[in-house]
Amino acid sequence: MINLLARYVNLVVLTIAALILISFSLPYLFPGDVLTNMSGIVPESEAQRAALEGVYKLNSSVFVQFWYYLNTLFSGNWGVSFSSQESLFDAVSIAFPATIELITYALLISVVVGIPLGFIGGIWHHKPFDFGVVTFSVVSYSFPVFWLALIFITIFSLQLGLLPLSGRVNLLYDVPHHSGFIIVDILVADIPHKADALYDALQHLILPTLSIAFVTTAIFVRFTRRSIMDVMEKGYIDAAKSRGFTTKQIFFKHGLRNALLPILPLMAMQISTLITNAMVVETIFSWPGIGNWLIQAIYQRDYPAIRIGMLVVSVFVVTLTFTIEFLSRAIDPARDKFERATI
Amino acid sequence: MPRFSLYQEEFHPSPFMHIWLEFKRSHFALVGLAVLLMFCGIAVLAPLMSPYDPNIQNTNAILLPPAWEGNGSISHIFGTDALGRDVFSRTLHGARTTFGSSVILVIIALLIGVALGTLAGMNKGVKSSVLNHLLDSLMAVPTLLIAIIIVAILGTGLLNSMMAIILALIPQFVHQTRSFVREEMKKDYVLLDKLDGASSARIFWKSILPSMFELLAVQSTLALSVAIIDISALGFLSLGAQVPLVELGASLSQSLEVAYSAPWLVALPGFCIFLMVLAVNIVGEGLRSALRNRLIH
């Protein structure tokens with residue numbers, strides 16, 4: 001166990017080190033002035049350029065520069081955005097929770113809907129209901145997420161006028177920024193019409209969450225269905241049957257638990273898909289998350305923002321992926337080495 | 001000398017024939033295959049099939065609805081867009097770009113991935129371990145993020161977005177190949193080859209690669225559906241194919257401004273992408289269940 005933990009910690013640290021190294025080298029690779037790419041400031045005079053070069057240690061060796069970069073990174077002094085000149089650290093700390101909130105709800109919906117559907121399909125496989133489940137999963141897996149979001153907007157916002165088109169919460173409600181999670185912020189905030197604000201925020205959440213959850217649910221359904229079908233063919237299920245357990249006992253005590261085991265590593269694999277979908281959906285719904293922020297940054301060629309955004313998102317994804325993989329191996333030591341699952 | 005067969009009535013299909021026999025038992029899979037072949041045909045023949053040049057602007061017919069609507073015209077079957085370009089021709093050319101580039105990039109990713117995966121699977125120790133961890137971390141970085149970095153360095157364009165998606169797809173191929181090769185290397189027929197004095201290259205070409213074909217076919221269909229969605233998503237965000245080149249995702253995002261007055265401009269390219277991915281997924285699903293059934297029988 002300790003050994004396993006050490007291996008995973010080692011893996012995470014090495015990967016993050018590699019990512020930091022990549023992000024360190026990016027300003028040299030981006031087109032334009034290295035100094036501007038690093039700091040986000042266009043030097044107006046020679047004196048200012050010299051001063052900035054002194055700050056970023058551009059005259060020293062690469063190792064000194066890297067050491068300095070590490071220091072600034074860990075002290076939270078990430079420079080300023082090229083286009084808006086605001087601190088990148090503040091921008092990220094506002095944008096990132098919004099994305100995390102969105103993908104958390106999407107993941108929650110996919111787990112709550114996808115896993116039971118997959119189970120029922122797997123238990124009754126090759127029956128009409130299972131046929132419906134498989135059709136649903138193949139069809140919804142094939143939806144391009146941006147088109148799905150546009151369809152939702154057309155139906156629910158434009159035609160029926162039920163749900164808001166974009167944003168996070170109506171501007172009428174002035175929600176102070178605490179944690180960055182809009183639901184939490186509204187709940188702890190001391191504002192009038194709290195219930196209305198909450199209702200409004202939930203309405204804003206529905207369409208983006210559903211668009212992301214649609215594809216992820218399909219993947220969960222397919223994996224769960226396959227997993228339960230495999231488990232029900234195992235010898236210990238036959239043994240339980242021969243001992244005279246009822247179907248219900250066999251399913252809940254032997255089938256369900258064992259079938260759930262391979263689903264955790266599956267979650268780890270879906271995080272990067274989830275983030276990609278979330279980034280696309282955020283731009284469509286103007287959700288003020290990190291994906292929208294990064295894509296605006298690339299439109300404006302805001303290189304300092306791209307560099308930091310890339311580092312933050314990839315460190316988040318890598319840490320989360322490896323944590324879940326570690327958990328799944330710690331829970332299920334029987335699996336010698338986790339192999340990437342196939343759908 | 002007349003040959004006679006003692007077991008004339010017995011039919012021994014080859015492994016490929018066996019897959020096909022299993023595959024065609026599912027009607028859905030056959031329909032999916034037909035649609036997929038149609039898209040292959042479009043990808044090759046789009047310039048011959050399309051009635052107009054996709055970029056020619058007919059200012060006399062702007063925002064013409066499709067032919068099946070009341071005031072549509074049969075000369076533009078799918079109508080025209082805000083600049084008077086024929087949507088049918090644009091859909092054909094867009095499908096050609098999206099589908100064609102996805103197929104090409106999957107093939108490139110497959111070749112690189114199998115090569116690296118075989119190296120990692122046949123070697124042991126530090127070399128293989130370093131490669132694995134490197135690719136694992138690459139696998140965890142979202143495709144769109146890789147694309148953003150590549151676009152930031154090299155600029156927008158179809159080739160650059162293809163490069164980003166290739167980079168994102170390679171780790172999956174490497175992983176599959178590596179674990180498969182590693183499993184096969186433990187088996188007795190490989191041991192037999194080794195005892196016969198076969199070199200590693202020969203073991204790979206003659207023994208392991210033929211049995212890996214099916215795994216690669218299934219993995220490629222998965223990768224192809226991801227590639228189509230990613231290429232069109234990058235086009236949609238205008239990071240992929242640029243203007244004179246027609247691409248489904250890009251033409252979808254260009255028609256967003258008139259989406260309310262001309263919903264078919266958003267519906268048609270989107271549906272085309274959806275149909276493409278659906279066909280690939282159905283064929284992949286059919287292939288997988290055919291392989292599974294073949295192993296059971």
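**Ground rules.** I worked from a predicted model, where local features need pLDDT of at least 70, side-chain atom pairs count only at pLDDT 80 or more, and totals for chains, interfaces and linings use all residues. Residues are numbered from 1 along each chain as its sequence is written, chains are lettered from A and ligands numbered from 1 in the order in which they are written, and side-chain values use heavy atoms, with hydrogens and water left out.

**Interface.** I looked up the contacts (heavy atoms within 4.5 Å) and found 47 residues of chain A against 48 residues of chain B. The two chains bury about 4,000 Å² between them, and 75% of that lies on carbon and sulfur atoms. Buried area here is the accessible area (1.4 Å probe) that two parts lose on being put together, summed over both.

I then searched for salt bridges, meaning a side-chain nitrogen of Lys or Arg within 4 Å of a carboxyl oxygen of Asp or Glu. The count between the chains is one. Arg222(A) pairs with Glu285(B), with 2.8 Å between the closest N and O atoms.

Next I noted which elements of chain A supply the side that touches chain B. Helices (DSSP runs of H or I, at least four residues, numbered from the N terminus) that each give at least two residues include α1 (2–29), α9 (194–232) and α14 (303–331). The largest share, nine residues, comes from α14(A). By class, I recorded 34 nonpolar, eight polar and five charged residues on this side. Nonpolar covers Ala, Val, Leu, Ile, Met, Phe, Trp, Tyr, Cys and Pro; charged covers Asp, Glu, Lys and Arg; the others, Gly among them, are polar.

**Helix pair in chain A.** I took axes as lines fitted to C-alpha atoms, for helices over the stretch in contact, with angles from 0 to 180 degrees between N-to-C directions. The axes of α5 (residues 88–123) and α13(A) come within 7 Å and cross at roughly 130 degrees. That makes the pair oblique. On the α13(A) side, Ile290(A), Gly291(A) and Trp293(A) make the contact.

**Chain B.** I count 10 helices and zero strands in chain B. Its C-alpha trace spans about 75 × 60 × 30 Å along the principal axes. Helix α7 (residues 188–195) and helix α8 (residues 200–236) of chain B pack at about 170 degrees, their axes 11 Å apart. I therefore list α7(B) and α8(B) as roughly antiparallel (angles over 145 degrees). Their contact divides into four nonpolar, two polar and two charged residues.

Key:
Angles under 35 degrees count as roughly parallel, over 145 as roughly antiparallel, 65 to 115 as roughly perpendicular and the rest as oblique.
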